[in-house]
Amino acid sequence: MADPSCPPFPLLEEEEGQHEQEEEPVPHGGELELPTVDLEAPGEALAAACQHLGVFRLGNHGVPGDLSARLFALARDLLGRAPFEDKQAQPGYFWGTPALAALRVRDVNWVEGFHVPLVVAQHHRPTACPPAAAALTELEDLAREYGAHMARVARTLFDALAPALGLDAGQASAYLAERDGFVRVYRYPPCPEPGHLGMEVHTDSSVLSVINQDLVGGLQVLHDGAWRDVAPGGGGGGDTLLVNLGDIAQAISGDAYRSVRHRVAASRGAERLSLCYFAFPQDDAVITCGGGSRYRPFTYAEFREQVQADIKATGSKVGLERFLRHTNA
Ligand SMILES: O=C(O)CCC(=O)C(=O)O
Ligand SMILES: [Fe+2]
């Protein structure tokens, strides 16, 4: 029977030769052991994880366990129990990848959620509709409280990395506008199509992202040419969060740090929930890592606009490759 909390599953009719899921099948290498960085004493483990993996677990993060638990519970109710049509009417709600819907319906990710910016001018705050209005307001308030913790986490990590990256005070401030970040509360409903993705392969456009996943699992990172599972163990099911670096961290570090490619496999059996926070630079921050870098200096606004233009035109993000210096070889 169709799940009323989801839209109808798109019929995935392939037009011959037009769509490739992956150019070459990427092997699956089982679970990836991740290092744990202590937020209270990041030490050398932090830079090492950024260099080798681009993803790590974070302990001693100071996010109250009951705050995450309340957010997970509310998200489960608001997303998992309500009919799709009701959710669509709510501000901040999205299904799949809205930017792709008009282009290639078959690529729509099997995920839904609420997008919650940390800072919103009061007069811009849209009003939720009944019957979920009170619960949705509570979800937003909790997500902002959670987001304030995330901003603290992002700033602490970034400040710990800044000396090794050779950043001056102005750069350290402009490259991480942590209060301008946002939280996404995701639900990956059980998917009727085996092998479908909850979220397609991508790198984040952020400086860094913090993932808090429940116990279901499904997150995979590309490591040494193979997809590797990142086992649950986050705030939803343990004491650590996951941090992954985004494209901007890679650019600022002149490719020393990795913006790790990742995806989420859809599950057939259980719904999966995650709370994700994304931190970005100021729009006018000039991203540069000196003359030796493969990338020309660019502002974050330029990067964001290029990503959006590429997605609109082709359905895919190109990312940092767009900003390579031209060589006249
Ligand atoms: O839900 C997750 O665990 C990951 C989501 C993600 O990669 C993203 O939103 O960029
Ligand atoms: Fe991501």
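Tutor: Two residues are in contact if their C-beta atoms, placed from the backbone, lie within 7 Å. The model above is predicted: local features need pLDDT of at least 70 and side-chain atom pairs pLDDT 80 or more, whereas totals for chains, interfaces and linings use all residues. Residues are numbered from 1 along each chain as its sequence is written, and chains are lettered from A and ligands numbered from 1 in the order in which they are written.

Student: With which residues is Val-183 in contact, leaving aside its neighbours within four places in sequence?

Tutor: Val-183 meets that criterion with Val-116, Leu-118, Ala-143, Tyr-146, Gly-147, Met-150, Leu-275, Cys-276 and Tyr-277. Val-183 is also among the residues with the most contacts inside the largest nonpolar core, which has 79 residues. Such a core is a set of buried Ala, Val, Leu, Ile, Met, Phe, Trp, Tyr and Cys residues joined through C-beta atoms within 7 Å.

Student: Why is Val-185 called buried?

Tutor: A residue is buried if 20 or more other C-beta atoms lie within 10 Å of its own, exposed if 12 or fewer, and partly exposed in between. Val-185 has 26 C-beta neighbours inside 10 Å, so Val-185 counts as buried. Val-185 lies in strand β6; strands (E, at least two residues) and helices (H or I, at least four) are DSSP runs, numbered from the N terminus. The contacts of Val-185 include Leu-71, Ala-75, Phe-114 and Leu-275.

Student: How do you know that the span of helix α2 agrees with its number of residues?

Tutor: The expected span is 1.5 Å times one less than the number of residues. Helix α2 (residues 65–80) has 16 residues and should therefore span 22 Å; its end C-alpha atoms are 21 Å apart, which agrees.

Student: What makes the buried residues of α2 line one face of the helix?

Tutor: The buried residues of α2 are Ser-68, Leu-71, Phe-72, Ala-75, Leu-78 and Leu-79. Seen down the axis of α2, these residues fall within an arc of 145 degrees, so they line one face; the arc is that of the directions from the helix axis to the C-beta atoms. Elements against which they pack include β6, β8 and β13. The face turned away carries the exposed residues Gly-65, Asp-66, Ala-69 and Ala-73.

Student: Which class does Asp-255 belong to, buried, exposed or partly exposed?

Tutor: Asp-255 has 14 C-beta neighbours inside 10 Å and therefore counts as partly exposed. Asp-255 is found in the loop between α7 (247–252) and β12, with phi near 75 degrees.

Student: How do you know that Ser-274 is buried?

Tutor: Ser-274 has 28 C-beta neighbours inside 10 Å, so the residue counts as buried. Ser-274, in strand β13, touches Tyr-186, Ile-211, Asn-212, Gln-213 and Asp-214, not counting residues up to four places away in sequence. Ser-274 and Tyr-186 are 88 residues apart in sequence and 5.2 Å apart in space, C-alpha to C-alpha.

Student: Which residues are around ligand 1?

Tutor: Among them are Arg-184, Tyr-186, Asp-204, Gln-213, His-262, Ser-274 and Cys-276; a residue qualifies if its C-beta atom lies within 6 Å of the molecule. β6, β8, β12 (262–265) and β13 each supply at least two residues of this shell.
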